[in-house]
Amino acid sequence: MAQLENNTIMTGKKPITQITRDVLENHYEMREKCSRPENDDLFVATYSHDADSNNTGCSSCDRSQLVTRIPRNTEDPHVHYGAIASGNQVIKDAPTRDRLAEELGGILCFEMEAAGLMDQFPCLVIRGISDYCDSHKHEQWQGYAALAAAAYARALLSVGPIRASTKNEKTDPIWMVPFPRNLKFVGRQDQLTEVEALLSMDSGSRKIAITGLGGVGKTQVALELAYRRRGTCSIFWISSVSQESVQQGYMGIAERLKLGDVDPMNVKQQVKSHLSHRNAGKWLLVCDNADDIDMWISKERTALESFLPQSDLGHVIFTTRNRQVAQRLAPSHTIPIEEMDQHTATQILTQSLPPGLFHDRCPSPLRFFSNWPSSRWQSHKRQHILRITASLSQIIYHL
Ligand SMILES: Nc1ncnc2c1ncn2[C@@H]1O[C@H](COP(=O)(O)OP(=O)(O)OP(=O)(O)O)[C@@H](O)[C@H]1O
Ligand SMILES: [Mg+2]
């Protein structure tokens, strides 16, 4: 729309005027119904149509009740941008019109068809305004208003790529998780059940934080949840270690959502708007490693919290080491992940060792390593530690 406006300003060409003229010139059968009428009468709101008049127009209405307006210096159609009220009955009463307009906080016009459409798919509604929603007669403007609206639609279609919203886009869940499933995932059943219960609730806060020490297994829990919900909703994953990785994440989501005309400066807002609309369907957004509170919460307009989508159909899961982040972003649903109990840690360690190396008789040295937070033995030293552990367990087992 902005492009269409710009083109008009820059070139001085008025595509809508041109299209309406061309249509009327080339299609004589439309001239009678769609030409611009002469009279444009607006009566004051308190003056109703003369009901006794037996003609179709307002020739019997009191012309002293007309609103005095400065005539436009052109007869070209004028485009208004703003909210349209959609209702289930025609408004034909000026005081009702004015009351509703005030209650709804300023609207351009009333109509009766678009409300149902907008619930089904994202769309732009273009209407030709043919009357003043009062009791007076304006039928002669209907054809011209319809032509002007059609001309605008045609001019709009000619300036930019229009992406058709297909059924598939709406219903096929998108899968955007950058890690494979951890087939050796163990434990954390209570936390998984708790988060799954929150995800299946229809009401309440849509934000959940999984929090705990570094390496304790937060990302693993989020990953397992994502795989458990795969296919039931779109799942997006943003690595939140830095502003750059978040920006990249949003760009990736915009691409998968096939948002047209993605502007890197504005992509977070574009993704937020899209996912906040019901038409985006069900979704889950994982913001992994959201540890930096300044990135998420601040008075700056760039604070990431303000770019989180909100929808009854969507949930956001944060994983964070930072309890403050958890409590600020998801105050009612913070799920702590404690360090592993010995049984779980031993299970992970067993699975990481070559088959047959671990045995119940393995005594304390192996238990010592298995109790370490996994990040420690996940580091570059992990293989080394595992090798020592394996050797120890072998030695001890064969003693
Ligand atoms: N439940 C689990 N089952 C199997 N392995 C696990 C589990 N939890 C953690 N691990 C192991 O520990 C490693 C670290 O876990 P994870 O990356 O989830 O920790 P984190 O809490 O997200 O750490 P950070 O705070 O550094 O992001 C994993 O790569 C995995 O090898
Ligand atoms: Mg993590």
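Q: Why does Lys258 count as partly exposed?
A: First, a word on the source: this is a predicted model, where local features need pLDDT of at least 70, side-chain atom pairs count only at pLDDT 80 or more, and totals for chains, interfaces and linings use all residues. Residues are numbered from 1 along each chain as its sequence is written, with chains lettered from A and ligands numbered from 1 in the order in which they are written. Now the label: a residue is buried if 20 or more other C-beta atoms lie within 10 Å of its own, exposed if 12 or fewer, and partly exposed in between, with C-beta atoms placed from the backbone. Lys258 has 13 C-beta neighbours inside 10 Å, so it counts as partly exposed.

Q: What makes Cys133 buried?
A: Cys133 has 20 C-beta neighbours inside 10 Å, so it counts as buried. You'll find Cys133 in the loop between helix H5 (114-120) and H6; helices (H or I, at least four residues) and strands (E, at least two) are DSSP runs, numbered from the N terminus.

Q: What is the phi of Cys133?
A: Cys133 has a positive phi of about 55°, though it isn't a glycine. Most residues other than glycine have a negative phi. Lys258, in the loop between H10 and H11, also has a positive phi, near 55°.

Q: Why is H2 called oblique to H6?
A: The axes of H2 (residues 15-26) and H6 (residues 142-157) come within 8 Å and cross at roughly 120°. Axes are lines fitted to C-alpha atoms, for helices over the stretch in contact, and angles run from 0 to 180 degrees between N-to-C directions. Under 35 degrees is roughly parallel, over 145 roughly antiparallel, 65 to 115 roughly perpendicular and the rest oblique. So H2 is oblique to H6.

Q: What makes H8 oblique to H9?
A: The axes of H8 (residues 189-200) and H9 come within 11 Å and cross at roughly 50°. That angle makes H8 oblique to H9.

Q: Which residues have the most contacts inside the largest nonpolar core?
A: Val286 and Phe318, in a core of 40 residues. A nonpolar core is a set of buried Ala, Val, Leu, Ile, Met, Phe, Trp, Tyr and Cys residues joined through C-beta atoms within 7 Å. Apart from it lies another core, of seven residues, including Ile16 and Leu147.
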